[in-house]
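Hi,

Here is the structure I promised to pass on.

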Amino acid sequence: MDPFLTSRVVTDILGGLTNGVTFGLVALSLVLIWRSTGVLNFAQGAMPMFATYVGFALLSYHFGYWACVAACVIAGLMLGGLTERILVRRLYGKPEINPIVVMVGFLIVLEAVAAAIWSSTPRSLPSPFSSIHWQLAGKPFALSPFTVYEIVTAVLVMALVAALFRFTKLGLQLRASALAPEVSRLLGVRVGRLLTLGWMLSTAVGVITAILVSTNFFSGLTPTVMDGIFAYGFIAAAIGGLESPIGAIVAGVLLGIVNQFVTDYVNQNAVIMVALAMLVVSLMVRPSGVFTKSTQRRV
Amino acid sequence: MKLLAARRVPSAIALALVVTIVVLATASSTRVGVALSVAIDLAIACAFIVSVPELKTRHPVVARALLTLLGLDVAIFLTFFFSSSTNFNLATGAAMSIVLLGLSFLTGASGQISLGNGAFMGVGAFTMAIWANHHATTPIVFSLLIAIASGALVGLLLGLPATRLRGPYLAGMTLAFAVAFTFILSSFSSWTGGDSGLQLPTAWIAPRWLDGFYHAGTSPLTTTTLYITDVAIVVAGVAFFFMANLFASRTGRSMRLIRDNDVAAELVGISLPRARVVAFIVSSAYAALGGALLTVIDNSVSPSTYSFALSVTILSLIVIGGIGTISGALIGGVVYAFSTSVISWITTHTGLNPQGNVASQLNGIIFGGLLILTMLFAPFGIAGAVRHFWHRMRSRPPG
């Protein structure tokens with residue numbers, strides 16, 4: 001077999017891609033909410049984490065992996081919708097800082113409640129695929145059946161979201177109510193309902209991420225499992241531009257690959273510092289993100 | 001009447017000066033000084049209250065100085081009667097209130113939000129510990145100044161990109177810094193002591209000239225805690241005095257204009273980037289001072305203290321106290337000082353298992369819940385609610 005496929009560079013790229021798709025998914029879910037409601041959801045890691053705990057509670061009733069995944073997604077849809085209706089709806093039109101503070105509060109409450117109910121010791125989830133890496137001519141290859149499942153799922157979710165926005169009437173309405181809520185309302189779009197739907201959708205995307213991350217053999221599911229992923233997801237969204245879904249995904253994947261190279265060639269501690277430096281530099285060069293067209297901001 | 005009022009102001013100032021001198025003089029001899037200082041405090045309070053309206057309008061700086069002095073005297077007097085553990089909590093509360101003051105200024109006055117003040121606090125705390133380990137003989141005031149300078153420097157470095165960012169981007173960037181901070185600490189483990197952190201080489205003890213107060217026959221442990229508590233309270237008092245003046249100054253007023261309407265602020269000639277960097281530097285310098293003080297109080301510093309969770313706690317405290325206000329920082333500090341006791345009281349009185357999951361998470365549930373409720377129903381916290389209530393009471397027509 002070709003030694004190129006097991007070389008250090010290819011291993012890093014593929015390993016980085018595996019992490020990068022999860023960053024990209026978190027970034028995408030942040031962008032979905034930001035574009036439709038102008039709220040940066042700091043609980044975007046904690047809400048999916050909570051829904052994942054709820055869904056995988058079915059394990060003790062002898063349900064299989066896929067039934068639990070479905071339950072997680074349903075729990076996520078409900079949690080996202082309820083959050084928008086009960087908490088976020090009161091914050092539209094308030095100063096920018098109010099929704100930030102409320103969502104940080106929600107993050108604390110969700111993590112504390114999850115730890116109170118399910119304890120903070122990691123809980124290992126069953127994995128549908130083996131995470132033992134394939135061998136190529138006696139050398140370990142960067143991918144395993146599980147990482148392929150991770151990448152394929154992430155790409156599938158991204159494609160579904162893109163298709164929803166581009167090809168369906170619902171997607172058109174979602175885009176319209178984000179862009180011009182008043183006009184959409186006059187044209188008969190139920191803007192309020194669509195905002196709720198946007199939050200549900202975004203939380204569901206987050207839930208898929210949380211499942212992928214916490215099925216990972218090493219971390220398991222803990223109340224704080226999404227904290228680090230959220231930080232990287234935010235960095236990716238900010239680099240790509242909070243307005244651009246494509247930018248968020250691309251930046252997420254690139255960030256994952258860069259992180260892998262830094263881990264391999266420097267050390268683990270340097271990863272977040274390099275990410276922070278990339279964020280600072282990209283924000284100084286293009287404050288509204290690399291992938292967005294600069295626009296005059298609304299006063 | 002007007003003549004009388006004009007005469008009251010200098011007399012109040014003179015009285016306050018005399019009091020300070022008398023307090024210092026008695027302090028060096030016996031504990032009787034404590035009793036004497038109370039009597040004189042009452043005198044200042046009376047003088048202050050009679051002359052308040054005139055003093056506030058004519059010499060606001062003097063009025064604030066008198067108020068600070070009065071507050072300090074009362075607080076220090078009380079510490080002599082509290083138990084060691086209460087004093088320790090008070091000292092941590094005083095250190096925290098300094099950090100809150102910085103965030104209150106940044107968010108409340110200039111409208112920027114920071115989720116990284118816990119990390120700025122850590123910068124001060126570690127600077128203090130590292131400095132003390134290399135130069136053990138430096139006087140405490142000088143070490144605190146070095147910690148402040150390091151905090152200001154880091155604030156400048158992060159404040160420069162921050163000038164171009166608005167709300168959510170800035171919040172996210174400071175969040176990333178707060179998350180990165182613990183990793184930065186472990187990367188420099190030869191300086192910061194790695195996971196175990198640093199111990200201070202010696203405990204801070206009271207200088208000889210304060211013997212009358214601190215070495216009068218009680219156990220050394222108690223007097224050390226007492227002395228550190230009083231130092232923390234005095235430092236906090238000085239910090240409050242400076243911040244009150246900054247809020248009222250031209251800088252403070254231009255910051256509030258930026259928060260309310262940045263376009264108008266630019267039109268009247270305020271430089272937005274400069275004002276934002278200044279606010280950022282002030283806030284991180286205050287955070288560093290609070291962190292340095294916390295190192296002195298604990299006599300050690302550990303990297304796990306300065307995690308992202310601390311930044312979130314800081315934000316919750318100032319929102320609950322009253323963001324953008326000075327009294328809010330004081331309220332937040334008091335809440336922090338007694339939160340542990342209150343939560344353990346709740347645990348015992350509701351019959352929760354103290355080692356159980358619920359009891360260990362009660363802190364997060366209560367603080368997070370209060371954070372949400374405050375922002376939804378009283379966006380200016382306790383200080384804002386009290387002020388609102390006070391105005392309603394006063395504007396109600398008589399009868």
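**What I found**

In chain B, 78% of the contacts between residues at least 6 apart in sequence join residues at least 24 apart. "In contact" here says that the C-beta atoms of two residues, placed from the backbone, lie within 7 Å. Before going further: this is a predicted model, in which local features need pLDDT of at least 70 and side-chain atom pairs count only at pLDDT 80 or more, while totals for chains, interfaces and linings use all residues. Residues are numbered from 1 along each chain as its sequence is written, and chains are lettered from A and ligands numbered from 1 in the order in which they are written.

**Chain B**

Chain B has 17 helices and two strands. Those are DSSP runs numbered from the N terminus, with helices being H or I of at least four residues and strands being E of at least two. Of its 399 residues, 45% count as buried. The cut-offs go by other C-beta atoms within 10 Å of a residue's own, again placed from the backbone: 20 or more is buried, 12 or fewer is exposed, and in between is partly exposed.

- Ser143(B) sits in helix α6 (residues 140-162) of chain B. It is buried because 21 other C-beta atoms lie within 10 Å. Leaving aside residues up to four places away in sequence, Ser143(B) touches Met128(B), Trp131(B), Ala132(B) and Thr138(B). Asn89(B) is 54 residues from Ser143(B) in sequence, and their C-alpha atoms are 23 Å apart.
- Phe240(B) belongs to helix α10 (residues 220-248) of chain B. This residue is buried too, with 24 C-beta neighbours inside 10 Å. If you skip residues up to four places away in sequence, Phe240(B) touches Thr68(B), Leu101(B) and Ile326(B). From Phe240(B) to Ala285(B) is 45 residues along the chain and 13 Å between C-alpha atoms.
- Asp298(B) is in helix α13 (residues 272-298) of chain B. It counts as buried, as it has 20 C-beta neighbours inside 10 Å. Thr138(B) is 160 residues away from Asp298(B) along the chain, with 18 Å between the C-alpha atoms.
- Asn299(B) lies in the loop between α13 and β2 (300-301) of chain B. Its phi is positive, about 65°, although it is not a glycine. Asn299(B) is partly exposed, with 16 C-beta neighbours inside 10 Å.

**Chain A helices**

Helix α1 (residues 8-37) of chain A has 30 residues and reaches 43 Å from its first C-alpha to its last, close to the 44 Å expected at 1.5 Å a residue. That expected span is 1.5 Å times one less than the number of residues. α1(A) does have a kink of about 25°, centred on Thr18(A), where the bend is the angle between axes fitted to the seven residues ending at a residue and the seven starting there. Of its 30 residues, 23 are buried, so α1(A) is mostly covered. Gly38(A) follows α1(A) and has a positive phi, near 65°.

Further along, what angle do the axes of α5 (residues 145-167) and α6 (residues 169-179) of chain A cross at? Roughly 80°, coming within 5 Å; the axes are lines fitted to C-alpha atoms over the stretch in contact, with angles running from 0 to 180 degrees between N-to-C directions. That makes α5(A) roughly perpendicular to α6(A), the label for 65 to 115 degrees (under 35 is roughly parallel, over 145 roughly antiparallel, and the rest oblique). Leu164(A), Phe165(A), Arg166(A) and Phe167(A) of α5(A) make the contact with Leu170(A), Gly171(A), Leu174(A) and Arg175(A) of α6(A).

**Where the chains meet**

Between the chains, 34 residues of chain A are in contact with 37 residues of chain B. On the chain A side, α4 (97-118), α9 (227-240) and α11 (270-285) each give two or more residues, and α4(A) gives the most, with 15. By class, that side has 27 nonpolar, four polar and three charged residues. Nonpolar covers Ala, Val, Leu, Ile, Met, Phe, Trp, Tyr, Cys and Pro; charged covers Asp, Glu, Lys and Arg; the others, Gly among them, are polar.

As for α4(A) itself, 18 of its 22 residues are buried, so the helix is largely enclosed by the rest of the structure. Just after α4(A) comes Ser119(A), with a positive phi of about 65°. Ser119(A) is partly exposed, with 15 other C-beta atoms within 10 Å.

Cheers
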